[in-house]
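Have the sequence and the 3D view open as you read.

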Amino acid sequence: QSKSQLAQLFSSVFVEYDLDDDQLLTYDEFRKCVRAENLGLSETEIDALTAKADPEKTCFISYSNFVPVFAEIMYLNQVRELLREEAIALMLQRGQLGELSAHLQNVFQSYDDGGGR
């Protein structure tokens, strides 16, 4: 992606989560944004990213502080996806797709609330 495309993406994400349109993200707004990336981060990891995005400890995150942290989040997401693809390719090579299928079924069942959701 070009720099202008990234700038547009970051801006649109920031605006989407800036629910009160004050050009600052509250911690809650930022945390919702991080969770939406579905990285599987723990609350401690999300707390660390939140602190990193608010180095002045104002309890608000400006756009200029948001950008580098969100770039890091996007990078982590890309790395996670690459690792997932590599793991699947390796399992296919080794004929272990059945093990992957069983593992994924277990994961889905652990998140299933009983109603198939």
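Are α1 and α4 roughly parallel or roughly perpendicular to each other? The model is a predicted one, where local features need pLDDT of at least 70 and side-chain atom pairs count only at pLDDT 80 or more, while totals for chains, interfaces and linings use all residues. Residues are numbered from 1 along each chain as its sequence is written, and side-chain values use heavy atoms, with hydrogens and water left out.

Now for the reply: α1 and α4 pack at an angle of about 110°, and their axes are 10 Å apart. That makes them roughly perpendicular (65 to 115 degrees). Axes here are lines fitted to C-alpha atoms, for helices over the stretch in contact, and angles run from 0 to 180 degrees between N-to-C directions. Helices are DSSP runs (H or I, at least four residues), numbered from the N terminus.

On the α1 side, the contact (heavy atoms within 4.5 Å) includes Leu6, Phe10 and Phe14, and on the α4 side it includes Tyr63, Phe66 and Phe70. Sort the residues of this contact and you get twelve nonpolar, one polar and no charged. Nonpolar covers Ala, Val, Leu, Ile, Met, Phe, Trp, Tyr, Cys and Pro; charged covers Asp, Glu, Lys and Arg; the others, Gly among them, are polar.

## Rings that meet

There are six aromatic pairs in the structure, meaning rings of Phe, Tyr and Trp (its six-membered ring) with centres within 6.5 Å; planes under 30 degrees apart are stacked, over 60 edge-to-face and the rest tilted. Phe10 and Phe70 are edge-to-face, because their ring centres are 5.5 Å apart and their planes sit at 90°. Phe10 is in α1 and Phe70 in α4, so this pair ties together parts 60 residues apart in sequence.

Phe14 and Tyr63 are also edge-to-face, at 5.3 Å centre to centre with 85° between the planes. Phe14 is buried, at 5% relative accessible area, whereas Tyr63 is partly exposed at 31%. (Buried means under 20%, exposed over 50%, partly exposed in between, using a 1.4 Å probe and protein chains only.) Ring pairs join Phe10, Phe14, Phe30, Tyr63, Phe66 and Phe70 into a cluster.

## The core

The largest nonpolar core has 18 residues, and Leu25, Phe30, Phe66, Phe70 and Ile73 touch the most other members. Such a core is a set of buried Ala, Val, Leu, Ile, Met, Phe, Trp, Tyr and Cys residues joined through side-chain atoms within 4.5 Å. The largest share, five residues, comes from α4.

Methods
Helix = DSSP H or I, 4+ residues; strand = E, 2+ residues; numbered from the N terminus. Parallel < 35°, antiparallel > 145°, perpendicular 65-115°, else oblique.
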